[in-house]
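The entries follow the order in which I looked things up.

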Amino acid sequence: MNGQPASQSDYGAAALDLNVTKDLCAFMAAATFESMPEAAVHAGRRGVLDWIGCALAGSRHPTISKLLSVLEAVGSAPRATVLGRDMRLGLLEAPIANGQMGHVLDFDDTHMGGVVLHASSPILAALFALSERNPVTGKDFLLAYAAGFEAGVRTGQGAPAHHAGGWHLTGTLGSIAAGAAAGKLLGLDSQQLVHALGIAATQAAGMQQNRGTMCKSLHAGKAASSGLLAALLAQSGFDSSDEILEGKRGFCRIYSSVAKTDLILDRLGRRWEIARNGHKPYACGVVLHPTIDAMIALRAKVSAPDQVSAIELRVNPLAVSITGVADPGTGLKSKFSLTHTAAVAFLDRAAGIAQYTDERARAPEVVALREIVSVRTDEGLGRDQAWACVALRTGERYEYQVTHASGTVDNPMSDAALEGKFLANAVPLIGDERASRIRDSVWRLEQIEDVGSLLVQCA
């Protein structure tokens, strides 16, 4: 027989000895609350406040009712709070529910630093469930939250073609983020964290094909549950590959056609990813936000919408690939429609929860206006940029260009605006008094001795 003798290096999962996963986990294991810069701590407070509001607002969505009916029927012993529902589920089922309700309205935060990741829904859904297993201080909670961002976002940066491959990053990277966060909250050592990442990554899933369906937000809930399970298994001695991120068959090489694993450790400890997070003023896909800003600005120049003859948009190509639904028939699908968003933002001068319901997606005046919206892609525009023009029957034309969309790192929501968003989301569900108590508790979260006391207010 012809052929060459096999060697260990021919083995598909042979060790590369790059130590990327180990070094990332060593950093996370050693990190303390005191090592976090104030910008990261404050970003954590903002993220917790924003996410609780989004989860409460999403808690009564029909999607959640369907999910809960199944989880309650098949779940384990009730040990963890379901937000906004006055009910409890098993330790692994509650994160599915809370993670999905945090993401179901597409109102939750989005990190755009080389990824498009809704990190808080999987991370916080896992951490809140774990906080009811044993008392957890606010400092430890915020540190674990930040660790989840480091793991999830940095893994995505090491797999730059991951999104282009059709994966929904909140499901895939979210599992890794939740595993790291839960592991940090459990006090896992460096090697145990390596195993937690490996167990979480091997469960990573979520497909973009499910945009506009109930499955899209399920990705966040499943990621939360998978990450929590990974951390608990690692704590019990369950192992995994030591090279789950950088390995020859590791996450960055099989989930992305291009791997840049050196970026995972780039400025580690000097650049905290949670401090580069973005928050949404609008309840839809983040790449739609510059278009919304433009349409609301143009509406101020037009007193009679029925005089509009055409709306022209120029957007980053990613906006079309993510939100190119031309004729949405449901509220969930309309969150991924440029034409619907342009039309409804112009008509209503808003893009909140009310603008993305089944009824608004089918409203005759919205349908009529979106039919005269034309879209062109422009690679010269950034992901947070857009140009729009409204033409009137009189021949007048009004143009507007957005340099940085509202809610992005370069044009962030203020603390006051974020607080206003939280109250608007929370008060209809739990009332002014409870919402105010939650708000005040979150702004001083590092002073709280038992995060479980905060959860009582959210039930």
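This is a predicted model: local features need pLDDT of at least 70, side-chain atom pairs count only at pLDDT 80 or more; totals for chains, interfaces and linings use all residues.

**Entry 1: helix 6 and helix 7**

I began with helix 6 (residues 138-157) and helix 7 (residues 169-185), whose axes come within 7 Å and cross at roughly 150 degrees. I noted the crossing of helix 6 and helix 7 as right-handed. On the helix 6 side, I listed Asp 140, Phe 141, Leu 143, Ala 144, Ala 147, Gly 148, Ala 151, Gly 152, Thr 155 and Gly 156. Their partners in helix 7 are Leu 173, Ile 176, Ala 177, Ala 180, Ala 181, Lys 184 and Leu 185. I sorted the residues of this contact into 11 nonpolar, four polar and two charged.

**Entry 2: helix 4 and helix 9**

I turned next to helix 4 (residues 94-103) and helix 9 (residues 214-235), which pack at about 140 degrees with their axes 7 Å apart. Angles over 145 degrees count as roughly antiparallel, and helix 4 and helix 9 are therefore classed as oblique to each other. Their crossing is right-handed. Helix 4 contributes Pro 95, Ile 96, Gly 99, Gln 100 and His 103 to the contact. From helix 9 I recorded several residues, among them Met 214, Lys 216, Leu 218, Gly 221, Lys 222 and Leu 228. The contact of helix 4 with helix 9 divides into seven nonpolar, six polar and two charged residues.

**Entry 3: aromatic rings**

How many aromatic pairs are there? I found six aromatic pairs. Trp 51 lies in helix 2 (residues 38-58) and Phe 128 in helix 5 (residues 120-130), so the pair ties together parts that are 77 residues apart in sequence. Are these two residues buried or exposed? Trp 51 is buried, at 1% relative accessibility, and Phe 128 is buried too, with a relative accessible area of 2%.

**Entry 4: Asn 425**

Lastly I looked up Asn 425, which is found in helix 17 (residues 415-443). At 6% relative accessibility, Asn 425 counts as buried, the cut-off being under 20%. Which residues does Asn 425 contact, leaving aside its neighbours within four places in sequence? I listed Gly 53, Cys 54, Ala 57, Phe 107 and Ile 353.

Terms used:
Residues are numbered from 1 along each chain as its sequence is written. Side-chain values use heavy atoms; hydrogens and water are left out. Axes are lines fitted to C-alpha atoms, for helices over the stretch in contact, and angles run from 0 to 180 degrees between N-to-C directions. Helices (H or I, at least four residues) and strands (E, at least two) are DSSP runs, numbered from the N terminus. A crossing is left-handed if the near helix is turned anticlockwise from the far one by less than a right angle, and right-handed if clockwise. Contact means heavy atoms within 4.5 Å. Ala, Val, Leu, Ile, Met, Phe, Trp, Tyr, Cys and Pro count as nonpolar, Asp, Glu, Lys and Arg as charged, and the others, Gly among them, as polar. Angles under 35 degrees count as roughly parallel, over 145 as roughly antiparallel, 65 to 115 as roughly perpendicular and the rest as oblique. Rings of Phe, Tyr and Trp (its six-membered ring) pair if their centres lie within 6.5 Å; planes under 30 degrees apart count as stacked, over 60 as edge-to-face and the rest as tilted. Buried means under 20% relative accessible area, exposed over 50%, partly exposed in between (1.4 Å probe, protein chains only).
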